[in-house]
Every structure is written in C-alpha cells, then in structure tokens.
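Student: I'd like a close look at one part of this model. Please give me the geometry first, then the setting around it.

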Amino acid sequence: MGIINLRRQYNSQRPPNRLPPEVLGSIIESLRARRVPSTVDLTAPLYDYADFLAAMRVCHRWYSVAIARATIWTYIDITHESSPAERLLRSRAASLDVRFSLDMYYPYVLVDFLRSHGSRVRELHLWAQNPRAMHKLPRQMNVLAEHLERLIVACVERGSSVVMRSLLLGVTPRLKAIALQRAPWVPANNLPDLTHLYLSHLARFELGYLIRLLHNTPALQLLHIDECDIYASNFDGDITKAVPLPHLRNFSVGHIPVEAGWVLLHQVQLPTNTMLRLYALRLEEGDDARDAYDEFAFPNPFTSSNTFTRLEILVGENWRKVVAEGDDKDSGGIWIDFVHQAQGLAASEGSWLSWLLWMPNMVSLANIHTLHISLRRWDDFCALALSLPQVRALCVEGKIKRKPDGSSRSDMCDQIRMMLLSDTPVAFPHLQILRMDIAGRSIVPGFLRSGVRKRHLDGRRLRLLAFRIEPFYWYDREHFEREYADYRQYVDEVSWFEEDAFEWKVSEVWRTEHDYWQLRPSEDPMLFMDHWYQPRSHPNEPESLTPNPPQGEALRNGDNAESL
C-alpha cells in the first residue's frame, strides 16, 4: 500500500491531475462517443465506450472522477446485461438513454425497467432481428414514460404488414423524434411536440394509417419516408381531407412507385417554403409508361410561390430529374426524379414533354434566372421557354443524331436557333449567357449567326456564348476561335470549354442538419447523385448499363448567373 500511495501522490502533481474534478470529468466524458444513429442500420449501439474505458485505467484519480460523474453512466444498454443496476446507481437522477434487445430478453424486463425508471428515460431504442418479437409490445408496455423525447424502433428483417397501436398508455407529450425501420406498427398516440419523423421499409403500410399518424403530428417539421410499401387500394381520397402540416420544412419520399407518391402528395397540405424531395420514384415498363406522367401533379400551394430562381431539367439513361429551388431554404424547393424500368424511358417521352409544359401550372417559374436543361426530344423547347421570362443564364445539353448519309445534326441546335430568332413573343427576352454542351465538331459555325445577330439588333445582345470542345478532337481551340471570329460582332464574348466545365454539386439549400439520425447515402440529397450515378468520360460515348448523369450535371451550385 505504501508504494501505491506514493504513486498516487506523485500522479497528483502531474498537470492533468491538478485540474478541478468537474473539468477533468468533462474531458473524460467527452471520450464517451455518442454515435448519431445511421439509417443504414438503426439497430446499432448508440455509444462507443472504448476510449472512455481506456481513460478510466490511466490512474486511480481518473477512475474516481469518472465513477463520480453521473452523466457518464446514463446510457443503459439492455442487450448483454439484463441488470444494469451498477450504471443506474452511478447515474443517480440523470436522464437516461436506453437500448433494449427483444431478441435477448423478454418484454417484461423492459416493462419492469420502465415501471421503475420510466420518468428518467429520454431516449428509447428498441430493436430485434424479426418483427414478430415486437408485435405485442405496444400492449405490454402499459407503463408511463412521459418525459420520453426520442424513440427508435428497428428490426433487421422486414415484416408482412403494419398496424397502428398506442404506446406507453398513449401518453407521450414530449416526444420530438421518432424513427421506425421495418417496424410492425406505428404509434397511434397524439404527438403534439413531434418535429422529426422517419419511416423506412414498412411493409404493407396502409395509407389511412399514415394519414392518421400525420394528423397526430401538428408540429412536424421534417418527414422522411423511404422504401415503404404504401398500400392505397382501400383508401378513398375523395372523402378524406388533406392533412395540414403548417410547420413542415423538409418532406422527402423515395424508392416507391410513382402512383403511391402521387396519391400521398395529394393528401397533405404543404407550406410554400417546404423543401419537397421525391426521389427514385419507380416507373414500370409497358403500355403504362406512355402516359406515366399524365396524372402526376404537384399540389396547389406551390403555384403561389414566386421565389424559385434556379431550375434543372435533366435526363439520364434510365432516369429523369427536375429541381426548382431558391437562393435559400426560406424559398422552399422541389426535387423530383424518376427511375424507369427497362425501356420505359423511351416509351414515356411524349408524356414527359407534355408534363413539362404543364409544370408552370403547378410550380411558379416566373422568377427563374438560371436554367440547366437536357432533353432527348427538343420539339417543345420554345414553348417551355415562354414560361420562363426571367432566364438570364441558359445551359443546354444535347445528343448527336447521325443521319443515314453519315453527317450529324442536333435537334437541340435547331431549337436554340428558333429560340434566338423568336419575335412575338420573344423566348428568354433577358437572356445574357448561353452555354451549349455538345460536341464542337457537330456544330456548323453559321448555325447560330442569324440568331445572335437578331438579338444584337433588337437590343438583347448576349454577354457570353460558349461551346464545349471534345478534348480528343484533332482541331484545337484556335481553330474554333477562327471559325467563330465574326460572332464577336454580335456577342460580347465567345468561349470554349472542355468536358469538366460542369461539376455536379448539390446546392446547400438541400442540406438538413439535426442530431436525431444520419441518412444513408441513397436518402441524403447531398450524397444521392454521387451514390447512384457515376459520370461518363464523354457524353457521346456508348451508353452503359449503369445509370449515368449527362456530362456536366448541375449548374445549381449556389453561384449566381454570372458564374456560368
């Protein structure tokens, strides 16, 4: 003991041990890393104690300080330890985060725990391998946990259907966040303070249950629904009033059929500043693809918004995407992308163009000043242009079509020339910047001369006209500059760019930050395109089986029109 006391006396003089206990305790507690739950796997533990346990072994004082600090011991993981008495004793009266495995222990263990300590529980994390282990849990949890703020319910396997059940005697007035992944039920409680709701992989989820759930969440700010089997065949939308969600700021629905997304969208009333994201909506092949977009429409509230300033209309090998957004989150935004099965993309081309022409009746485009557009058929481009009177910067991407005689042409080039020559009414009357992403060798130098000349004579002179050059083509930049030298009579600047001119970058207005959960890449708008689409080295290369974005996707990087 003498040697031990000497060592403790020596250690007490070391700089870290001269810190006050509350300061040293705070440092040690910071080593207890809390993981933000990831929707990749919501069954994972919430805390990592590895570094903290190593710190406890440094010396007796560090151990004593850690034992005495109640907030360090507030995580109760009833997965491998059925009797967390030691942690409960050390945590004293501090609020608890509880994780419980229904595979390892019977529900009565959880019920007994909540009956004794339910008033201290702030976060409850329930998980199981199979949803069957959770079927009777709502009725068994007939105890109070009225201070509960966060609830996670997750299963590894997917069940057969979802029901609606009251939890914790229906008394959950302080719940702020709920995440359900492959759960066999959704709460029937009234949730007046709930602000964040995440629903994922719910099997045979009756739309009526979802509408009732939303009716019980008047303060909801974020709603994310991913890969749920929304069942709407027994739902009568004509006699059901749409749910008002006046505080909703982010609404995301993904990996579901188009029909389900369309029905759901018409059952909610959204504020005009909502960030609405419908991603990976599935369109099937066959005859239905020909009118795939005929009935898909946004709800009315967006028709009153004039704050969108940027618009993207893009097409890939098996997907289409439309994004309309403002300069900040208060302006709201719309992101919608469709994924086609097999040959559905080509079959639905006519329906897609008709839907684009109808889009201004659903979404106000009056203040769009930046447009990035890629189409397979350009027949109605000029008609669409008349709905965008404030566009100042235009980027277009097109494909080259080969004629039987071996020459090439582009429908896009023809439509751009018609747009520049339009008179009454004038398409894009305020246009200043025009960038064309198409192979330079397919562009005949004189094809736009008459159009830019007319704009110049009408007092609408372009500031910038830019074309992309194929970097491997034998003509260099100087050759094209000579060919287009006379354009400088009518345009302030003519320039050329290569394939990396447009770097995909999602606008920051789509970033959502909170500490309730972290979205997997296919759900996160900031990672979605990088996760699903790998850029081609050149837009005129043969298309592969992997979905790829058009070369140079996304003007929408938060820059102003001049940065184009």
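Within what distance do the axes of helix 13 and helix 14 come, and at roughly what angle do they cross?

Tutor: First, the ground rules. This is a predicted model, in which local features need pLDDT of at least 70 and side-chain atom pairs count only at pLDDT 80 or more, while totals for chains, interfaces and linings use all residues. Residues are numbered from 1 along each chain as its sequence is written, and side-chain values use heavy atoms, with hydrogens and water left out.

Now the pair. Helix 13 covers residues 411-421 and helix 14 covers residues 449-457. Their axes come within 8 Å and cross at roughly 20°. Axes here are lines fitted to C-alpha atoms, for helices over the stretch in contact, and angles run from 0 to 180 degrees between N-to-C directions. That angle makes helix 13 roughly parallel to helix 14. The cut-offs are these: under 35 degrees is roughly parallel, over 145 roughly antiparallel, 65 to 115 roughly perpendicular, and the rest oblique. Helices are DSSP runs of H or I with at least four residues, strands are runs of E with at least two, and both are numbered from the N terminus.

Next, handedness. Helix 13 and helix 14 cross in a left-handed sense. A crossing is left-handed if the near helix is turned anticlockwise from the far one by less than a right angle, and right-handed if clockwise.

Which residues meet? Helix 13 brings R417, M419, L420 and L421. Helix 14 brings S450, G451, V452, K454 and R455. Contact means heavy atoms within 4.5 Å. By class, the residues of this contact divide into four nonpolar, two polar and three charged. Ala, Val, Leu, Ile, Met, Phe, Trp, Tyr, Cys and Pro count as nonpolar; Asp, Glu, Lys and Arg count as charged; the others, Gly among them, count as polar.

Stay with helix 13 for a moment. The loop between helix 13 and strand 25 (433-437) holds P425. A cis peptide bond joins T424 and P425, with omega at about -5°.

The axes of helix 2 (residues 21-30) and helix 4 come within 9 Å and cross at roughly 85°. Helix 2 is therefore roughly perpendicular to helix 4. P21, L24, G25 and I28 of helix 2 make the contact with R61, W62, V65 and A66 of helix 4. The classes in this contact of helix 2 with helix 4 are six nonpolar, one polar and one charged.

Helix 4 spans residues 60-68 and includes A68. A68 is partly exposed, at a relative accessible area of 44%. The cut-offs, with a 1.4 Å probe and protein chains only: buried is under 20% relative accessible area, exposed is over 50%, and partly exposed lies in between. A68 and P21 are 47 residues apart along the chain, and their C-alpha atoms are separated by 9.3 Å.

Two further helices. P138 lies in helix 7 (residues 137-140) and is buried, with a relative accessible area of 5%. Leaving out residues up to four places away in sequence, P138 touches R165, S166, L167 and W185. P138 and W185 are 47 residues apart in sequence, yet 8.6 Å apart from C-alpha to C-alpha. R115, in helix 6 (residues 107-117), is exposed at 51%. With the neighbours up to four places away left out, R115 touches N142 and V143. The C-alpha atoms of R115 and A145 are 8.4 Å apart, and the two are 30 residues apart along the chain.

Now the backbone in two loops. R204 has a positive phi of about 40° although it is not a glycine. R204 sits in the loop between strand 10 (196-200) and strand 11 (205-206). At 35% relative accessibility, R204 is partly exposed. H255 is also not a glycine, and its phi is positive at about 55°. The loop between strand 15 (250-254) and helix 9 (258-265) holds H255. At 11% relative accessibility, H255 counts as buried.

Last, the whole chain. There are 16 helices and 27 strands. Of the 564 residues, 53% are buried. Among contacts with a separation of 6 or more, 72% join residues 24 or more positions apart.
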